[in-house]
Amino acid sequence: MTVYKAPLEDYKFLFHEVFNVVDVCKRLGYDQVDQELIDIMTEEWSQFVTDVWKPSNIDGDKFGSQLKDGAVISAPGFKEAWKQTVESGWLQAVCKEEHGGMGLPLFFRNAMDEPAISCNMAISVVAALSLGVYDLIIKHASQEIIDRYAIPVSSGEWCGTMCLTEPHCGTDLGLIKTKATPQDDGSFLITGTKIFITAGDHDLSDNIVHMVLAKLPDAPEGSRGISLFLVPKFLDDGDGLSNKINGTSVSGIEEKMGLHGSPTCVLNFDSSKGWLMGEAHTGMAKMFEMMNRERLATGMMGLGLGEIAYQNALAWSLERSQGRDLRGMKDLDAPADNILVHPDVRRMLLKAKVNCEGTRALGTWIGILLDEMNKGDGECKENANALIALLTPVMKAYSTDIGCQSASLSIQVMGGAGYCTEYGVEQFYRDVRIAPIWEGTNGIQALDLVGRKVTQNFGKNLRHLLWPLLEFIEENREVDGMVEFNKPLHQSVKGLQQLTLLLMAEGAGNPHFLAAGATDYCTYFGNTMLAYLWARMAKVCLAAKSAGTSTDFHDAKLASASVFFAEIHPDNAGLVAKIMAGHKHLMAYPEAAF
Ligand SMILES: Cc1cc2nc3c(=O)[nH]c(=O)nc-3n(C[C@H](O)[C@H](O)[C@H](O)COP(=O)(O)OP(=O)(O)OC[C@H]3O[C@@H](n4cnc5c(N)ncnc54)[C@H](O)[C@@H]3O)c2cc1C
């Protein structure tokens, strides 16, 4: 059995000391939200997933889902866990009041993802997909569809999927072949095969609502000709759900490296009845709304699994004694010292820990920006829109890359035990490895950042992001204790401006230069955002110290900030060198020598 304790103290620090979320909520009209409500909800949700989702996580990995007689049977314990989730009303809590929810802010929904993923990522993706489908329905479906689908999907009584990928197209969705044929009653018949569909079929819910990308007969070529359709597994004939499946069938479940509890299905649509979501040929834009939300949730996967892997590596290392402290024996009564005496073990554990603390701050900041984008107006909304556009690919790619790194470091800390199934950490590593791949690979996120997002609005998005950072740097130039954090932050921000100009200038004439540097640029970008957030967190702790209100937690946070700036942030220098090296060594490499 693995250990897990939700990082509630860290969330309280971020919510109330760093981001002052209660003030944000008041400003945005979430009048019902106060500190007590946020803290209680965060604590109770974390307890719920620990008690209800976590116990089946290992069985999910061990037994996986099974395809029997064309139907998917969930892993042991999943059905009961989902039943309790639906009954508890937790998923609905973040939905609108008119759909039975509490209309809680989106930063809370974002934060809910972390413990959910730590406890059982396979179940958490079902929840994330269902809420993503709910969002699409309430925004783009007809009133008739909203009336029928919104409530059961919001509660999890019915679950959701997103169906984009086909055998010959993953990244390049313009190639999709699934067809939609209009019917006289205004519906469409959908025919085609989708692959890799997460939770494409299962027995957790009475119905599954698929969001399917398909092409109408008159569709323009490529991605401009894609439309989005809602296709339920079972139709509602007005008198409850039909017992006849709506033309969908599963012809296989993928065998995978990890995430075995989540059925990844080959899903066939054979004249399945569906309804168009919004206008024809606007499907990509609509699917991207869902995908952008899922990309943030995917970023939280790096955090959730990195965190639980770290906690287990820490628990193990506290018990493990090998070798002696290089500066003399620590424990004279024992044949060896605890491995925490070794600088290399500390390096690995602290890197994993600080990776998690940093991305938790990034996830919380993005959650608040989502609320400002949704509920704010004027400059506040415009600013949040710009920042979300830039930070979405960064959160997805950066957070999942370092999440994999944290899980890998946690295995390394444990030596052979880390590699063995008995201790549980290798599962987290296998499970998190999908996160840099799905929802658009990390390579594609980096290209989106450098090729689209930083140039959007004539570079205004980037200015919206960097101006407050430069202001922060200026304000803190003379603040006691801040120079250790402020100075490297300033170097990074200046470097980001220069790298952006370089990539734009060189990339305009040679797209290979731009594309070759994209992934390193995205990592540099992520490191810079984390440098800003670490400096902000350090400032809060230093202020608490001067006010005489600081606690051990603040001291530990300051120590974490120092680890970030000494151990992680210096990678930026190497990234600059790699970006400047350009593309020639890659593109001139002789093909025959590969
Ligand atoms: C477990 C699992 C669950 C999934 N769940 C879903 C789901 O629910 N719904 C769904 O629709 N799909 C799902 N997918 C599919 C997933 O989103 C795709 O696998 C992913 O988008 C990558 O597509 P691909 O596998 O076809 O890789 P490809 O597109 O073939 O890419 C292969 C490599 O080439 C790179 N590449 C491709 N094009 C470019 C380019 N233009 N520039 C630079 N590099 C490029 C990629 O980054 C990647 O490294 C799932 C996949 C898995 C494995």
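The ligand is surrounded by 18 residues, and the closest are Thr165, Thr171, Phe196, Thr198 and Thr441; a residue is near a molecule or strand if one of its heavy atoms lies within 4 Å of it. This is a predicted model, in which local features need pLDDT of at least 70 and side-chain atom pairs count only at pLDDT 80 or more, while totals for chains, interfaces and linings use all residues. Residues are numbered from 1 along each chain as its sequence is written, and side-chain values use heavy atoms, with hydrogens and water left out.

Polar contacts come next (a pair of N or O atoms within 3.5 Å; within protein, one must be able to donate a hydrogen and the other to accept it, and residues adjacent in sequence count only if both atoms are side-chain atoms). A polar backbone atom of Met162 is 2.8 Å from a nitrogen atom of the ligand. Phe196 places a backbone N or O atom 2.7 Å from a nitrogen atom of the ligand. From Thr441, a polar side-chain atom lies 2.6 Å from an oxygen atom of the ligand. On its own the ligand has 970 Å² of accessible area, and the protein covers 61% of it (Shrake-Rupley method with a 1.4 Å probe; for residues, only the protein chains shown count as cover). Two or more residues of the shell come from each of strand S3 (158-163), strand S5 (188-198) and helix H14. S5 gives the most, with three residues. Helices (H or I, at least four residues) and strands (E, at least two) are DSSP runs, numbered from the N terminus.

Helix H14 spans residues 442-453 and holds Gln445. Gln445 is buried, with a relative accessible area of 1%; buried means under 20%, exposed over 50% and partly exposed in between (1.4 Å probe, protein chains only). A polar atom of the Gln445 side chain lies 3.2 Å from the backbone oxygen of Glu439. Leaving aside residues up to four places away in sequence, Gln445 touches Arg295, Pro393, Lys396, Ala397, Glu439 and Gly440, where contact means heavy atoms within 4.5 Å.

Two residues in loops have a positive phi. Ala199, in the loop between S5 and strand S6 (207-215), has phi near 55 degrees. At 1% relative accessibility, Ala199 counts as buried. Asp69, in the loop between strand S1 (66-68) and strand S2 (71-73), has phi near 50 degrees. Asp69 counts as exposed because its relative accessibility is 85%.

Now turn to the aromatic rings. Rings of Phe, Tyr and Trp (its six-membered ring) pair if their centres lie within 6.5 Å; planes under 30 degrees apart count as stacked, over 60 as edge-to-face and the rest as tilted. The count comes to 15 aromatic pairs. Trp45 and Phe48 are stacked, because their ring centres are 5.9 Å apart and their planes are at 20 degrees. Both lie in helix H3 (residues 35-53), three residues apart, about one turn of the helix. Trp45 and Trp53 form an edge-to-face pair, because the centres are 5.5 Å apart and the planes at 80 degrees. Trp45 and Trp53 are both buried, and Phe48 is buried as well. Ring pairs link Trp45, Phe48, Trp53 and Trp90 into a cluster.
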